[in-house]
Amino acid sequence: MMTYELLGLSIQAWITILSVMSILVMMIRTHVPAEVAFLGALTVLLVFGIVNEEEGLAGFGSEPVVVHAAFFVVMAGLMQTGVLYWLTKNLLGSPTNYREAIIKLMVPIAVLSALLNAVNVVALFVDVVKIWARKLATQPSRLLLPLSYAATLGGACTLIGNSSNLVVAGLYAEQTGQSMGLFAPLIPGMVCTAVGVGLVLLLKNAIPRRESPETSFESTSDYTVELLVPTENEAVGMTVSEAGLAHVKGGSLIEIVRFDKEIITPVPADEFVIGGDRLIFSGQINEILELKRTHGLVAADHHVYSINEIDSNRKLRTAYVGFGSDLIGTRMSENGFEHTTDMVLVAVARQGKRVNQQPREVRLEAGDTLLLECPPKDEREIETLTRGSLTFFDSHFVPQLGKKTVVASIILLCMFLLSTFHVMSLMATTMLAAGAMLVFKCCRMTKVTKYIDWELLLILGSTVVFSTAITKTGIAETLATGVLNVCGENPYVNMAVLCLLASVVSEFVSDVGACGVFFPIVYQVALALGCNPMPFVISLMISVTISFASPIGSSTHMLIYGPGGYRFTDFMKIGMWMHIVLLIVNLVIVNIVYPI
């Protein structure tokens, strides 16, 4: 390999830097899914021989990946046996005012997130928070943001609470040969959580009031029109395209209901029109009704999308376009999504308001809320089919509580006890718990795969490999030397500067990516100063999780962005203050608990 150097770094080092920078640029400037960006950059490292095949594969067999994979099985068991359903139903209670709601929401959510992973908890409680909002006569946006903040803060208290915590712990074990305890960040995390809850209460009036996207979908008859084709209509015998009915002014044909109740959806352009057909259009009502005059159609006696659906097996469901979705920047009329999934787009809402144009011609953006008519498939099957494109929250799965509920709870408790008292390593305990869930039939292997977030596992594995490359090419050592030259030999100043940089970067990319890049630098600085690396590592662990000023810095923020009808800048109003205060609190408390 070439041995040329530029500014003290080898060509291999510069290729690594450019690969990391490409990930940052793609995640900030494009809609390329995160896992694609990470895998693409990893391929570059392998092609140029910066990491070998063994090092590349080692990342995907590392502790963070294995623990996460095993924990997905544990979560499947908790979900299918009803443990999480029971917690959802019984934990929160009923608040009487907004301030009480914040406290009753944030404290239990923080505890659950420390034990069950922040992302899972937020996904589980989004619908619960919406119900609370209706009871309190307030907007869901007023509670969803505290939900996300509480989950993120609570997740910082344990290694399994946030994915980035596991990455840092895994890299630390790789460098030192010593495993962190499950509750290593507990005290700093608890203090930050307490301060965070207090800040939300203090700044509660700054939490944005945004109309929920679902309010745009409350009366489906407001945006769907059913028109009948008379037997003697001249369009009979033509295709919908020839008759000019496929795409009309102000809307589009989304479904044909035949006299024998056969439902044709999506409607192909070459589908023939038959007398007696009921044509269901979606779009601007006033303009679509002009078809009665221009095409000789007549009004049907009721709307198809009413309580008594003609085909009760097809249901209307709400989904959200997440950051990194492959639908961003596309139109439903062009991307083939409806044809692949057998779903039909009925309406689009953006920032709480329905988009007033043909739904299938709307160029989709992150955070858009879609009303979709879905086929009669299992909800988990639909969610698996649309993974990477949409996120559904209107799940109606209600598990049966019984003996297996108790068994799954005991398995979870044993997992924590074995890890807490160092009877086994975290990897061993999670794998044992996953195996126990399968052995005692708390979950079935055929259904477990639906709970596994494969994209996250790919990102975790790639992050570990990038950290290896940063250390191997000398980047970490060179940057650590540069930081020391600028900051001097004061360990507190060095820690503060590195944590500040890492926390800022995590606002624009995932916390997992930020900790993977900064860990080797932080570790090298600690070694160069002759300090205990633990306070540096723990402070980094918490710093990358307090990315509250943007929706893309945290997976939990991405989950609530669509349901809350938020704007990108909404997170800055309270999140910027949260970020600054919690960063200071983190640095202070970590150095008290883990003296340098």
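This is a predicted model: local features need pLDDT of at least 70, side-chain atom pairs count only at pLDDT 80 or more; totals for chains, interfaces and linings use all residues.
Residues are numbered from 1 along each chain as its sequence is written, and side-chain values use heavy atoms, with hydrogens and water left out.

**Figure 1. Overall view of the protein chain.** The protein chain holds 25 helices and 13 strands; helices (H or I, at least four residues) and strands (E, at least two) are DSSP runs, numbered from the N terminus. The C-alpha trace spans about 90 × 60 × 50 Å along its principal axes. The radius of gyration is 26 Å, in agreement with the value near 25 Å that a compact globule of 596 residues would have; this radius is taken over C-alpha atoms, and the globule rule is 2.2 Å times the number of residues to the power 0.38. Of the 596 residues, 56% are buried, where buried means under 20% relative accessible area, exposed over 50%, and partly exposed in between (1.4 Å probe, protein chains only). Of the contacts between residues at least 6 apart in sequence, 78% join residues at least 24 apart; contact means heavy atoms within 4.5 Å.

**Figure 2. Close-up of the largest nonpolar core.** This core has 141 residues, a nonpolar core being a set of buried Ala, Val, Leu, Ile, Met, Phe, Trp, Tyr and Cys residues joined through side-chain atoms within 4.5 Å. Helix α4 (residues 63-80) supplies the largest share of the core, 11 residues. Those with the most contacts inside the core are L78, L116, L143, L147, M180, I538 and M578. Beyond its neighbours within four places in sequence, L78 is in contact with V83, L84, L116, A408, L412 and M437. In soluble globular proteins, nonpolar side chains tend to be buried together.

**Figure 3. Close-up of helix α23 and the helices around it.** Helix α23 (residues 533-543) is mostly covered, with 11 of its 11 residues buried. Among the buried residues are P533, F536, I538, L540 and S543. The helices against which the buried residues of α23 pack are α9 (163-176), α10 (186-202), α21 (491-506), α22 (511-528) and α25 (570-593).

Figure 4. M427 is partly exposed, with a relative accessible area of 25%. Its contacts, leaving aside neighbours within four places in sequence, are S62, E63, V66 and V67. M427 and P64 are 363 residues apart in sequence, yet their C-alpha atoms are 8.3 Å apart in space. G435 lies in helix α17 (residues 426-439) and is partly exposed at 28% relative accessible area.

Figure 5. E338 lies in helix α14 and is buried, with a relative accessible area of 4%. Not counting residues up to four places away in sequence, E338 touches P266, M332, M343, V344, L345 and R360. P266 belongs to the loop between β6 (263-264) and β7 (278-283), and the peptide bond from T265 to P266 is cis, with omega near -10 degrees. The C-alpha atoms of E338 and Y85 are separated by 32 Å.

**Figure 6. Close-up of two residues with positive phi.** N117, in the loop between α6 (98-116) and α7 (118-135), has phi near 85 degrees, a positive value in a residue other than glycine. N117 is buried, with a relative accessible area of 7%. D342, in the loop between α14 (337-341) and β10 (344-350), has phi near 65 degrees, again positive in a residue other than glycine. D342 counts as partly exposed, at 28% relative accessibility.

Figure 7. G565 is found in the loop between α24 (555-561) and α25. This glycine is buried, with a relative accessible area of 3%. The C-alpha atoms of G565 and T429 are separated by 40 Å, and the two residues are 136 residues apart along the chain.
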